[in-house]
Amino acid sequence: MNQTIFICPPDTEPQRLDLYICRELGGETRSTVQRLIEAGNVLVDGKTARASLKIKGGERIQVEIPPPQPAEPQPEAIPLEVLYEDADLIVINKAAGMVVHPGAGNSSGTLVNALLAHCRDLSGIGGELRPGIVHRLDKDTSGVLVAAKNDRAHQSLSNQFSVHSVKRIYQALIYGSPKEDTGKIEGIIGRHPTERVRLSGKAKSGRHAVTRWRVKERYARVSLVELRLETGRTHQIRVHLSEAGFPLLGDPLYPDGGRFNNLADTQLRKLITALGRQALHAHTLGFIHPVTGEFLEFTTEPPEDMAAVIDYLRKSIA
């Protein structure tokens, strides 16, 4: 790791952090610097910061540039919970905390690295950095995910996702209790107008997104909901629910409007803190097998961290 430290002169003209680093480094593009900032490789006075932070003078900026990575991901013997596997595809129950494919700041430890080690018959499809990946889950979202092993399976599954014929059901714990038992959220999702790492339905431009929801259980100040995706936009559920006034428990990126701090139940607060992620689980995945034509459906229950919260909430109203 190559580390560089800048001490901004007191008379520095106010400017964005990313632009300041670009100027000081001299050889890096702005997009590269922004990726370093997003990956947490830039500290301002010992703390992570946004690319839009205004540098005013006197700050200590630490930049760590990772060494060049191989052009192709490397196999890694990472344990996987395999739900189904044949010559054409593999279905796994992804653990929370696992990134699906390599990217800035995540060149190893990903699902792709694990698949390359597990599947000796995995083809280099779908782009060299993400072989076999036809859809993805956020790093801290757990649940069912399918990957293709060859071009035929990849094309068939990709087509099913593109026409929204894949059955995808999620479970989530949300703050609040919707008035209705079912509903639909619809609109565009695009880059947040001021927070680059977030997405929003208030973006100037974006892609159409539809989420259908159903309340499964209601507790005090929290509900368990089931969500069915008609589209598959990045952060779709998290954006839709947070902007509808029902943010996910534990979501570190989308604000909860102070709901966690207002919880009087100290035990529940401890369980949410221990969760350390958004309370979101990809519960069911159903699709047509690309070769046999058979409809396959897989369901997994939320992992222990999320299940512990649900169990406590159920007991609290028993």
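Buried means under 20% relative accessible area, exposed means over 50%, and partly exposed lies in between (1.4 Å probe, protein chains only). The model is predicted: local features need pLDDT of at least 70, side-chain atom pairs count only at pLDDT 80 or more, and totals for chains, interfaces and linings use all residues. Residues are numbered from 1 along each chain as its sequence is written, and side-chain values use heavy atoms, leaving out hydrogens and water.

**Gly40**
- Gly40 counts as partly exposed because its relative accessibility is 33%.
- Gly40 sits in the loop between helix H2 (30–38) and strand E3 (42–44). Helices (H or I, at least four residues) and strands (E, at least two) are DSSP runs, numbered from the N terminus.
- From Gly40 to Ala220 is 180 residues in sequence and 36 Å in space, C-alpha to C-alpha.

**Salt bridges**
- A salt bridge puts a side-chain nitrogen of Lys or Arg within 4 Å of a carboxyl oxygen of Asp or Glu.
- The whole structure holds 14 salt bridges.
- Lys184 pairs with Glu186 in a salt bridge, with the closest N and O atoms 3.3 Å apart. Lys184 is partly exposed at 43%, and Glu186 is partly exposed at 46%.
- Arg16, Asp18 and Arg30 are linked in a salt-bridge network.

**Bridges from strand E13**
- Arg212 forms a salt bridge with Glu230, closest N and O atoms 2.3 Å apart. Arg212 lies in strand E13 (residues 207–218) and Glu230 in the loop between strand E14 (222–229) and helix H5 (236–243), so the pair ties together parts 18 residues apart in sequence.
- Arg214 forms a salt bridge with Glu226, closest N and O atoms 3.0 Å apart. Arg214 is partly exposed at 36%, whereas Glu226 is buried at 17%.
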